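Subject: Handing over the structure, with notes

Dear colleague,

Please read them with the model open beside you.

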Amino acid sequence: MNNKIIQLLKNATTFLSGEEISGHFKISRSAIWKHMQELRRQGYAIEGSPHLGYVLKKVPDKLLPQEIQYQLPTKYIGKEIIYSEKTESTMNVAFQKGMGGAREGLVVIAETQTKGRGRVGREWISPKGKGIYLSMILRPRIAPRDIAKITLLSAVAVCETIRQSTALDAKIKWPNDILVKDKKVAGCLTELSAEMDSVRFVVAGVGINVNTPADKLPAHASSLKIESGKEISRVELTKIFFVSYERWYELMKVKGFLSVMDQWRDLTSTLGRKIRITDQNGSVEGKAVDLDESGGLVIVTDEGDIIHRMSGDVVMI
Ligand code: BTN
């Protein structure tokens with residue numbers, strides 16, 4: 001109901017009387033008053049006048065479900081959102097929901113995380129109300145060994161979203177970093193629940209430094225606001241991201257992973273570069289030449305050997 005009331009107030013050009021609203025929804029005026037109080041608690045500035053009724057003055061800068069879902073043109077991604085002001089990690093909440101049978105497309109969003117995490121157990125700093133911190137449930141029909149495909153798909157969707165909504169030349173660094181001018185502005189994390197040869201569900205996590213100030217970011221990181229010089233609407237960015245994600249995900253389901261890989265190749269700054277890749281087995285230097293069919297990185301070493309890596313940290317050398 002809160003959602004519907006906000007939509008009605010948004011579409012109104014002037015005050016709407018309590019009578020008009022209660023007539024519209026066929027609920028009592030005291031029920032309307034309670035909803036208005038609840039919406040004010042969420043941060044909406046709603047002016048109320050005993051004679052004129054209610055008018056919406058300001059929408060809060062929060063990733064509220066009703067804001068994101070307003071005219072959201074997706075079929076399933078973001079159609080159900082679990083929102084909180086603060087959580088340990090949206091990955092944990094989404095994982096629990098996945099275990100409980102949550103549907104594909106459910107998204108968990110928080111304004112801040114107390115234990116946000118990145119790859120290989122690194123911390124993901126999540127300043128309140130500044131970035132986008134979300135995890136979504138997917139149920140792709142893929143084998144666990146193909147999970148890297150989802151990470152690459154996430155990176156394509158984030159990169160495309162940033163390019164569409166800012167004039168920034170965002171690039172993907174294999175496998176999951178989104179860079180602007182060689183500084184990390186976003187990252188993707190993929191976790192899964194699987195049986196031997198099938199994936200039960202995937203949690204695709206994304207963190208984007210949107211309006212984060214420099215003093216709240218780790219070294220080598222930046223935010224879209226710092227790089228573009230403009231405050232960016234997190235709600236609009238989230239909507240564009242959902243649309244982009246669903247489009248690539250559908251394309252992957254219908255046509256296979258090749259189209260996603262082609263787009264990834266177009267958006268990456270890793271291929272063709274001399275790199276050092278470090279994983280649990282040590283470091284290798286060489287030229288990053290391509291992706292393999294599972295999304296792994298193909299490297300030609302200085303000795304001329306061709307090697308494949310499914311994970312690791314890449315530095316350009
Ligand atoms: C990385 O670059 O290493 C991945 C970073 C992923 C961060 C996001 S923020 C939302 C979700 N919740 C987490 O704890 N991590 C991911």
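The notes below go from the whole chain to single residues.

This is a predicted model, in which local features need pLDDT of at least 70 and side-chain atom pairs count only at pLDDT 80 or more, while totals for chains, interfaces and linings use all residues. Residues are numbered from 1 along each chain as its sequence is written, and side-chain values use heavy atoms, with hydrogens and water left out.

The protein chain holds nine helices and 14 strands, where helices (H or I, at least four residues) and strands (E, at least two) are DSSP runs numbered from the N terminus. Its radius of gyration is 22 Å, close to the 20 Å that the globule rule gives for 317 residues, so the chain is as compact as a globular protein of that length; the radius is taken over C-alpha atoms, and the rule is 2.2 Å times the number of residues to the power 0.38. Along the principal axes, the C-alpha atoms fill a box of roughly 80 × 45 × 30 Å.

Of the 317 residues, 53% count as buried (buried means under 20% relative accessible area, exposed over 50%, and partly exposed in between, with a 1.4 Å probe and protein chains only). Among contacts (heavy atoms within 4.5 Å) between residues at least 6 apart in sequence, 61% join residues at least 24 apart.

Helix H2 (residues 18-25) has Gly18, Ile21, Ser22 and Phe25 as buried residues. They cover an arc of only 95° around the axis, which puts them on the same side of H2; the arc is that of the directions from the helix axis to the C-beta atoms. Helix H1 (2-11), helix H3 (29-41) and strand S2 (53-58) are included in what covers the buried residues of H2. Just after H2, lysine 26 takes a positive phi of about 55°.

Some backbone values deserve a look, because most residues other than glycine have a negative phi, and most peptide bonds are trans. Valine 120, in the loop between strand S4 (107-113) and strand S5 (132-138), has a positive phi near 40°, and with a relative accessible area of 67% this valine is exposed. Lysine 181, in the loop between S7 and strand S8 (183-194), has a positive phi near 45° and counts as exposed at 62% relative accessibility. The peptide bond from tryptophan 174 to proline 175 is cis, with omega near -5°, and proline 175 lies in the loop between strand S6 (171-173) and strand S7 (177-180).

Glutamate 160 lies in helix H6 (residues 148-165) and counts as buried at 9% relative accessibility; leaving aside its neighbours within four places in sequence, glutamate 160 is in contact with Ser244, Arg247, Trp248 and Gln263. Glutamate 160 and lysine 171 are 11 residues apart in sequence, and their C-alpha atoms are 9.2 Å apart in space. Threonine 87, in strand S3 (residues 81-87), is buried with a relative accessible area of 15%, and, not counting residues up to four places away in sequence, threonine 87 touches Val93, Ala110, Thr112, Gln113, Thr114 and Lys115.
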